[in-house]
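Let's take a walk through this structure together. Have the sequence and the 3D view side by side, and follow along as we go.

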Amino acid sequence: MTVLTIDWILLIEKLALIIIIIFASLGIALYTTFAERKVAAILQDRPGPNRAGPFGILQPLADGVKMFTKEEIIPTHANKWLFILGPGLAMVASLMTCAVIPWGGTIELFERKINLQVADVNIAILYIFAVVSLGIYGIMIGGWASNNKFSLMAVLRAASQAISYELAMGLSLIAVLMITGTLSLGEMVKQQQAGYWNIVYQPLGFLIFFICALAECNRTPFDLPEAESELNFGYHQEYSSMKLGFYLFAEYINMIMSSAVMATLYFGGYDIPFVDDAKLFTSIGNWAALIQVAVILTKIVIFIFVFMWIRWTIPRFRYDQLMNLGWKKMIPLALFNMLITAFIVLLKHNGWKF
Amino acid sequence: MSLLHIFFWFLTALALFSALMVIISKNPVHSVLWLIVVFFAISGHYILMNAQFLAIVNLIVYAGAIMVLFLFVIMLLNLNKQTEPQKHIWLKFSGIIAGGCFLLSVSNVIYNAQNTTLELSKKAVLMGEGNIGLIENLGKKLFTDYVIPFEISSVLFLSAMVGAVVIGKKN
């Protein structure tokens, strides 16, 4: 057996990048929980968490310690392995998305060009779609394994909601793909750097995508799987300790990742607005890449704020309203958007002649 | 033994093992979960053959949508060992015979593929090469050479959808 031919330096480089991105997303998610409580407090005209550290800045750490030290309970009639597998799957599926998101341009370190994207695969957007559709398993398995009828009801709701809104999401994506002509996220960002952001061409598509992203993340007004007034607590009712923490955390990571995808698809990704990125790279080198990372993070933070703003402003839908919106409004609208886009793209291909 | 081979054998073992577990598992929910693992392993094989589009669509359609619906129905009906209908012994025999016939024909095809003189079919699998599986080439092939079968299958899907709506409207 010969020695495996692997580019070890590339492997180490990618591994380091993966570790940095995962820890960064975990850290951001930690402080997103804090931000959520602060935003809620501001919208409801109250101070919010302010005991741990200055302005309550250590609150998420305190929450984490609380979660870890609580007693872990596995119900007697629960399916033990699946009960443990559920939160883990939810977490893995939400973290998997970050592999294909371009977080910035290239950095030059030790005479190597490092792309700030873990995997620039040419089917990136389909990969994201696959991971999103797998995300539902964490909830389904966990809820079913708890052997509790309220959890089961929540799971059924979650699954049907996810499937319904995935359709409209996919249809609104097709319009973007027709305009850019590529499935690679890195290529899409480069196109948007050269021309206008996709939001200019696809305002309706973005609106549909945004609403579907809310539904996929189980955020208000689509948080029916955790409607506590109807279902006690939702699919994680039987969970305690860090397993519950994983479910709550996965929701925040999902929010970050869907914000990153929206920023990449419609708002130019890491493109610095009103600045020619290529010129910036020749003048300040690596710093330009870091500025780009800061820019995409800013876009993500803005999206997360909008998510929270919506959560603390709009009440929850009723279940039939949710289904009506998904199937009778979102899908026809997305189809309409797709047809119009296809028509215009075809016209442009023919040189604006019929 | 290259990295490609190691991946191939690992995925093959994983696919066979989880396919067996699908049949052996007593709990229908476990069966569905093992079946999802099978789909992942097969998608891995597709990626090794450079058919990325097929791999990811396999995951989206089968693992992401159809298996969710399977799980949905099983959870909704709360199937378990007690409520499972007892199958007649003849049904089991016919299942074994049908499966055996399928195995025979597949192994025959593989055996013949090794014996033919054609250069291409000497290799059972083209690993890590060829670009017909890339989305651009696949799309061009589908909409030029195979446009009629493609459109006919889409009509088939449409008729299935219409049928589902008609059945749903009855109640």
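What follows is a short tour, from one chain to the contact between chains and then to some individual residues.

Before we set off, keep in mind that this is a predicted model, where local features need pLDDT of at least 70, side-chain atom pairs count only at pLDDT 80 or more, and totals for chains, interfaces and linings use all residues. Residues are numbered from 1 along each chain as its sequence is written, chains are lettered from A and ligands numbered from 1 in the order in which they are written, and side-chain values use heavy atoms, with hydrogens and water left out.

Start with chain B. Its secondary structure comes to six helices and zero strands, where helices (H or I, at least four residues) and strands (E, at least two) are DSSP runs numbered from the N terminus. Read from the N terminus, the elements go α-α-α-α-α-α. Of the 171 residues in chain B, 21% are buried. Here buried means under 20% relative accessible area, exposed means over 50%, and partly exposed is in between, using a 1.4 Å probe and protein chains only. Now look at how chain B touches itself: among its contacts with a separation of 6 or more, 55% are between residues 24 or more positions apart. A contact, by the way, is heavy atoms within 4.5 Å.

Next, see where chain B meets chain A. The contact takes 27 residues from chain B and 25 residues from chain A. The size of an interface is often given as the accessible area lost when the parts come together. For chain B and chain A, that buried area (accessible area, 1.4 Å probe, that two parts lose on being put together, summed over both) is about 2,200 Å², with 81% of it on carbon and sulfur atoms. Which helices of chain B supply at least two residues each to the side that touches chain A? They are helix H1 (3-24), helix H2 (28-48) and helix H3 (52-77). H3(B) gives the most, with 14 residues. Sorted by class, that side of chain B has 21 nonpolar, six polar and no charged residues. In this sorting, Ala, Val, Leu, Ile, Met, Phe, Trp, Tyr, Cys and Pro are nonpolar, Asp, Glu, Lys and Arg are charged, and the others, Gly among them, are polar.

What about polar links between the two chains? There are three residue pairs in polar contact between chain B and chain A, both residues at pLDDT 80 or more. A polar contact is a pair of N or O atoms within 3.5 Å; within protein, one must be able to donate a hydrogen and the other to accept it, and residues adjacent in sequence count only if both atoms are side-chain atoms. Salt bridges between chain B and chain A number zero.

A:Arg37 is partly exposed at 36% relative accessibility, and A:Asp63 is partly exposed at 25%.

Another salt bridge pairs A:Lys243 with A:Glu72 (2.5 Å, N to O). A:Lys243 sits in helix H10 (residues 241-266) of chain A and A:Glu72 in the loop between H2 and helix H3 (80-96) of chain A, so parts 171 residues apart in sequence are tied together. A:Lys243 is buried at 9% relative accessibility, while A:Glu72 is partly exposed at 47%.

Finally, zoom in on A:Gln202, in the loop between helix H7 (198-201) and helix H8 (203-216) of chain A. A:Gln202 is buried, with a relative accessible area of 2%. Its side chain makes a polar contact with the side chain of A:Asn337 (3.0 Å). Leaving aside residues up to four places away in sequence, A:Gln202 touches several residues, including A:Ala175, A:Tyr266 and A:Thr341.

Technical notes:
A salt bridge is a side-chain nitrogen of Lys or Arg within 4 Å of a carboxyl oxygen of Asp or Glu.
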